[in-house]
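Please open the structure in your viewer and follow the stops below in order. Each stop names a selection and describes what is found there.

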Amino acid sequence: MLQNFTKGAQINVRALSKSFLHGTEELSVLCDVNLRISSGERVAIVGESGVGKSTLLHLLGTLDVPTSGTILFNDENITTMKSTRLSLFRNKEIGFVFQFHHLLPDFTALENVMMPGLIAGVDRTSLCKDAEELLDWVNLRHRMTHKPGEMSGGEQQRVALARALIMRPSLLLADEPTGNLDAQTGKEIQTLIVKMNQELNITVLVVTHSQTLADQMPRCLTMTNGTLV
Ligand SMILES: Nc1ncnc2c1ncn2[C@@H]1O[C@H](COP(=O)(O)OP(=O)(O)O)[C@@H](O)[C@H]1O
Ligand SMILES: [Mg+2]
């Protein structure tokens, strides 16, 4: 059993809007999004391509700033946090998984999992032991010293999940995590995401096109044209 996971994050999104300036034209992508996610919840967002799902996840992950509105993360407004503190906050509290694994090609699975901890200055010896435990948890004990190019798509994505766990996040944001995988491999990833929520108490928000994955989430929201319905 993995240690040191605390309480899942609680999220409160209020009147969130985002527009992009395209040339001289203002393109409204998110419009007045309101969303509350309780600690330890598991939520899916589904919707057609281009409706703003990834944009919402980027804002929640503090990778981009909204045009207006607020995001409260455990009652703290993260839309006004200063950049130095924000990168520490993001590194510690939020685990990301994307459609593509975004692993560093020249590093082994073990080193990739250790990376967020190395960036945060965690002691290398304890980090290494922890990364081994996490790779074991995602059933990859036999692939620790493999580089991404020497692993299958499903294995790469499992490394990405282990990497997302190394800092003990309270929120997991997953954008089409099974979008690039076949049905069987997708199911393995799906099982692990559910386990991250149920065993480790991490609050989970998944954007997906997969009905099987959405069916694993007790709450499923639909996004259409920049709003949640
Ligand atoms: N940086 C950007 N600049 C301009 N337009 C953007 C930018 N990012 C996303 N968009 C536009 O916002 C809309 C929603 O994109 P996105 O959130 O990626 O949708 P989804 O994930 O639901 O497919 C799209 O029309 C896209 O072209
Ligand atoms: Mg998207």
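How do the residues of the lining of the second largest pocket divide into nonpolar, polar and charged? In this predicted model, that lining has four nonpolar, eight polar and three charged residues.

**First stop: the second largest pocket.** Select Lys53, Ser54, Asp175, Glu176 and Val207, which lie nearest the centre of this pocket among its 15 lining residues. The volume here is about 180 Å³. Next, highlight helix α1, residues 53–60, which provides the largest share of the lining, four residues.

**Second stop: the largest pocket.** Move to Asn91, Ile94, Phe96, Pro116 and Arg163; of the 18 residues that line the largest pocket, these lie nearest its centre. The space in this pocket amounts to about 450 Å³. Now colour α2 (83–93), β6 (94–97), α3 (109–119) and α5 (153–165), each of which supplies at least two residues of the lining. Among the contributors, α2 gives the most, with four residues. By class, the lining of the largest pocket comprises eleven nonpolar, four polar and three charged residues.

Select cysteine 31, which is partly exposed at a relative accessible area of 39%. Then select cysteine 128, also partly exposed, with a relative accessible area of 24%. How many disulfides are there? The count comes to zero, where a disulfide requires a pair of cysteine sulfur atoms within 2.5 Å.

Technical notes. Residues are numbered from 1 along each chain as its sequence is written. Chains are lettered from A and ligands numbered from 1 in the order in which they are written. This is a predicted model: local features need pLDDT of at least 70, side-chain atom pairs count only at pLDDT 80 or more; totals for chains, interfaces and linings use all residues. Side-chain values use heavy atoms; hydrogens and water are left out. Buried means under 20% relative accessible area, exposed over 50%, partly exposed in between (1.4 Å probe, protein chains only). On a 1 Å grid over the protein atoms alone, a cavity is a set of points where a 1.4 Å probe fits but cannot get out, and a pocket is an open set with protein on both sides within 12 Å along at least five of seven lines; lining residues have an atom within 4 Å of a point. Grid points are joined across faces, edges and corners, and a volume is the space filled by probe spheres set on the points. Ala, Val, Leu, Ile, Met, Phe, Trp, Tyr, Cys and Pro count as nonpolar, Asp, Glu, Lys and Arg as charged, and the others, Gly among them, as polar.
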